[in-house]
Amino acid sequence: MSRSSMRSVWWKCSIGHSWKAKIYERTIERKGCRVCEKEYQSVFPQLVVSYYAAQKGLKVLLGTADYIGIPLEIYIPGEKLAIETIVGTKEIELVKEHLCQQRNIRRIIVPYKENSDEAEYASKIKKVFQSIHIFVSSDTDEDVAFIRQRFFEWRKQISTKGDHIHGYEALKGTMEAHEKEVLKAHD
């Protein structure tokens, strides 16, 4: 059987998900597990914001309603910055915008659709940080590759341990520790 074969076969990822795909999709296009990829895509915006925030020592809160009474998707309290990737109904958006203005919270919407170009999205997030005078100087493609690698390492780890609740915090901690090492190396 050739690696460029159009024949569909069943595959199983290291986590245990099964799916049917053409051989060339796996060998040439390097497509992996669709379930794992969908999970990664669903949290990529939060991961990239957390990654860049960690480089600058900023705390990130996800899904917090503590500041305006309605959940903010991504909130950086030290900068009073909310980053949203999903646009809700017109009414919800108006209420969120009003409540953020009342509390002097800058709210920036950076829409993200699954399977979007990750490096392009990461560049948009860097621009958001630049808009508040926080400059992130790193190779965006390397950042995305690192975030992707860490996510799949974390995903494999929690599948064997079964700790989904504390897993994301552990992933953020790993990424923050890596950033501290990078910063020390550049000093």
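Let me begin with a definition: a helix here is a DSSP run of H or I with at least four residues, and helices are numbered from the N terminus. With that in hand, helix α5 covers residues 140-161, and Asp141 sits in it. Please keep in mind that this is a predicted model.

I will stay with Asp141 for a moment. Is Asp141 buried or exposed? Asp141 is exposed, because its relative accessible area is 56% and the cut-off for exposed is over 50%. Asp141 also belongs to a negative surface patch, together with Asp117, Asp139 and Glu142.

Next, the salt bridges. How many salt bridges does a search of the whole structure find? The search gives 12.

Which residues are linked with Glu84 and Arg107 in a network of salt bridges? The network consists of Glu84, Glu93, Lys96, Glu97 and Arg107. Take Lys96 as an example. Lys96 lies in helix α3. With a relative accessible area of 9%, Lys96 counts as buried, because the limit for buried is under 20%. What does Lys96 touch, if we leave out residues up to four places away in sequence? Its contacts are Ile68, Ile70, Pro71, Glu84 and Arg107. Two members of the network, Glu84 and Arg107, are therefore on that list of contacts as well.

The next pair is Glu118 and Arg148, whose side chains meet in a salt bridge at 2.6 Å, N to O. This pair links distant parts of the chain: Glu118 is in helix α4 and Arg148 in helix α5, 30 residues apart. Glu118 is buried, at 11% relative accessible area, whereas Arg148 is partly exposed, at 25%.

The last pair for today is Glu120 and Lys124. Their salt bridge has an N to O distance of 3.9 Å. Where do Glu120 and Lys124 lie? Both are in helix α4, four residues apart, which is about one turn of the helix. Glu120 is partly exposed at 46% relative accessibility, and Lys124 is partly exposed at 39%.

Finally, a point about backbone angles. Most residues other than glycine have a negative phi. What is the phi of Asn104? Asn104 has a positive phi of about 55 degrees, although it is not a glycine. Asn104 is in the loop between α3, residues 90-102, and β6, residues 106-109. At 60% relative accessibility, Asn104 is exposed.

His133 also has a positive phi, near 65 degrees, and is a residue other than glycine. Where is His133? His133 is in the loop between α4, residues 118-131, and α5. His133 is exposed too, with a relative accessible area of 64%.

Methods. Residues numbered from 1 in each chain as written. Predicted model: local features only at pLDDT ≥ 70, side-chain atom pairs only at ≥ 80, totals over all residues. Heavy atoms only, no water. Patch = residues over 30% accessible without salt bridge, like charges linked within 9 Å, V, L, I, M, F, W, Y side chains within 5 Å. Areas by Shrake-Rupley, 256 points an atom, 1.4 Å probe, with all protein chains shown as cover. Salt bridge = Lys/Arg side-chain N within 4 Å of Asp/Glu carboxyl O. Lys, Arg positive; Asp, Glu negative; His and termini not counted. Charge placed at Lys NZ, Arg CZ, Asp CG, Glu CD. Helix = DSSP H or I, 4+ residues; strand = E, 2+ residues; numbered from the N terminus. Buried < 20%, exposed > 50% of the residue type's maximum accessible area, 1.4 Å probe, protein only. Contact = heavy atoms within 4.5 Å.
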